[in-house]
Amino acid sequence: MRGSATRQKLLEAIKAGSKNKLQLANEMGLDWKTVDNHVEMLINARLVEESGVEGTARYYSITENGRRVLVLLTQGEPEKSP
């Protein structure tokens, strides 16, 4: 999977816990359909998996492979100054 700032941010957003697509869209200020497309790409790459269903909402969490990729993606980033 080629790097994408949006997909990297999605991985960061679910690193600490499961979220649904609407939560991710609201948190990131993106259109729901955009999040839907990126989450599907992450699922196909086995970086994200469905972790639960509540009503009509499906929740997603990062896989171990997703954690590894996220570490690799963030290693090359310069540190942010305060």
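**Close-up views of the predicted model**

**View 1. Surroundings of Val39.** Leaving out residues up to four places away in sequence, Val39 touches Leu10, Lys21, Leu24 and Tyr60. The model shown here and in the other views is predicted. Val39 belongs to the largest nonpolar core, and is among the members that touch the most other members.

**View 2. The largest nonpolar core.** This core has 14 residues. Besides Val39, the members with the most contacts to other members are Leu10, Leu11, Leu24, Val35, Leu42 and Val48. At least two residues each come from α1 (5-14), α2 (21-28), α3 (32-44) and β3 (57-62). The largest share is that of α1, which gives four residues.

View 3. The buried residues in α2 are Lys21, Leu24 and Ala25. Viewed down the axis of α2, these buried residues fall within an arc of 100°, so they line one face of the helix. Their cover includes α1, β1 (19-20), α3 and β3. At the start of α2, a side-chain oxygen of Asn20 comes to within 3.0 Å of the backbone nitrogen of Leu22. Just after the helix, Gly29 adopts a positive phi of about 70°.

**View 4. The three-stranded sheet.** The sheet is open, with its strands in the order β1-β3-β2 and antiparallel pairing. β1 and β2 (48-54) stand at the edges; each has a single partner strand, so one side of each is left without a neighbour in the sheet. Strands of a sheet pair through backbone hydrogen bonds, in either a parallel or an antiparallel arrangement. Between β2 and β3, which run antiparallel, there are six bridges. In one of the bridges, Glu54 is partnered by Ala57 of β3. Helix α1 packs on the sheet and touches β1, β2 and β3. The direction of α1 makes about 95° with that of β3.

**View 5. Ser61 in strand β3.** Ser61 is found in β3. Is this residue, Ser61, buried or exposed? The relative accessibility of Ser61 is 14%, below the 20% cut-off, so Ser61 counts as buried. With its neighbours within four places in sequence set aside, Ser61 is in contact with Ile14, Ser18, Leu47, Val48, Glu49 and Ser51. Of these, Val48 is also a member of the largest nonpolar core.

**View 6. His38 in helix α3.** His38 is found in α3. A relative accessible area of 16% is under the 20% limit, so His38 is buried. Apart from neighbours within four places in sequence, the residues in contact with His38 are Ser4, Thr6, Arg7 and Leu10. Leu10 also touches Val39.

**View 7. The whole chain, for orientation.** The protein chain has four helices and three strands. Along the sequence they follow the pattern α-β-α-α-β-β-α. Of its 82 residues, 33% count as buried. Among contacts in the protein chain with a separation of 6 or more, 48% are between residues 24 or more positions apart.

Terms used
Residues are numbered from 1 along each chain as its sequence is written. This is a predicted model: local features need pLDDT of at least 70, side-chain atom pairs count only at pLDDT 80 or more; totals for chains, interfaces and linings use all residues. Side-chain values use heavy atoms; hydrogens and water are left out. A nonpolar core is a set of buried Ala, Val, Leu, Ile, Met, Phe, Trp, Tyr and Cys residues joined through side-chain atoms within 4.5 Å. Buried means under 20% relative accessible area, exposed over 50%, partly exposed in between (1.4 Å probe, protein chains only). Contact means heavy atoms within 4.5 Å. The arc is that of the directions from the helix axis to the C-beta atoms. A polar contact is a pair of N or O atoms within 3.5 Å; within protein, one must be able to donate a hydrogen and the other to accept it, and residues adjacent in sequence count only if both atoms are side-chain atoms. Two strands pair if DSSP finds at least two bridges between them. Axes are lines fitted to C-alpha atoms, for helices over the stretch in contact, and angles run from 0 to 180 degrees between N-to-C directions.
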